[in-house]
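Hi,

Here is the structure I promised to pass on.

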Amino acid sequence: LRAFYQKNADMWSDTGYRQIIRVESDPDTIALASALAFRICGTGSMSELCQILINYQFEKSGLPAPKTAPGKRTRKRAAKIVKRRNSEDTHVRTSFTFDTESEDLLRELVALRQKKAGELVSDLIVTHTSSGVKLKRLINYPEWNQQTSVRNTKVKRFNLQKPVDGMLDLLCRRAAGGINKSAMIRVLIKLCAQEHGLI
């Protein structure tokens, strides 16, 4: 899909007119779709993902291209689309509880990966949602019970994109059977620290 996306890059440029359609799904599927959109086009846009999937499957089918009536190119319609696209970029201000060890490891990872703390946390969430190997490792993490309640805590706040926040909820439900975002972030940091030989 990523190769198809890159090969047909011109297809996704804004022509000034878009037909809005409603796609309904459950939160888990939406979170997975967001993870896929991040992997394919780097934006997390499910609008783009839908276009990619439809065009990719149509090309594979070998069917003749349908004749479509030209759309009405109005400024009013284009302005409405811009507003809708911007809504995909909204962020959620999320608070996490860090213990001393997690905070120290995050600081080391930020220096090692050359990313801001919020970007690094978002990257860990997206990576573990979209990788089956990493998700399995996360589910089998042996120290979950030690992460649900920690002492000497400090609250840190990050602005996560809405799709990323949805992926975090999905990871919590799949790996721990409940929603404890702080515990999940601490585990993701420890797993990343182990990969880089910090612990």
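Below is what turned up, helix by helix and then the cores.

Bear in mind that this is a predicted model, where local features need pLDDT of at least 70, side-chain atom pairs count only at pLDDT 80 or more, and totals for chains, interfaces and linings use all residues. Residues are numbered from 1 along each chain as its sequence is written, and side-chain values use heavy atoms, with hydrogens and water left out.

Let's start with α5, residues 100–113 (helices are DSSP runs of H or I with at least four residues, strands are E runs of at least two, numbered from the N terminus). Ser-102, Glu-103, Leu-105, Leu-106 and Leu-109 are buried there, meaning under 20% relative accessible area with a 1.4 Å probe, protein chains only. They sit on the same side of α5, because they cover an arc of only 165 degrees around the axis (taken from the directions from the helix axis to the C-beta atoms). Their cover includes β1, α6, β2 and α10. Just past the helix, Gln-114 has a positive phi of about 60 degrees.

Now the nonpolar cores: sets of buried Ala, Val, Leu, Ile, Met, Phe, Trp, Tyr and Cys residues joined through side-chain atoms within 4.5 Å. The largest has 33 residues, and Ile-125, Leu-138 and Ile-185 have the most contacts inside it. Helix α10 gives the largest share, eight residues. A second, separate core of eight residues includes Ala-33, Ala-37, Cys-41 and Ile-52.

Finally, Leu-49 lies in α3 and counts as buried because its relative accessibility is 4%. Leaving aside residues up to four places away in sequence, Leu-49 touches Ala-33, Leu-36, Ala-37 and Ile-40 (contact is heavy atoms within 4.5 Å).

Cheers

Terms used:
Expected span 1.5 Å × (residues − 1). Buried < 20%, exposed > 50% of the residue type's maximum accessible area, 1.4 Å probe, protein only.
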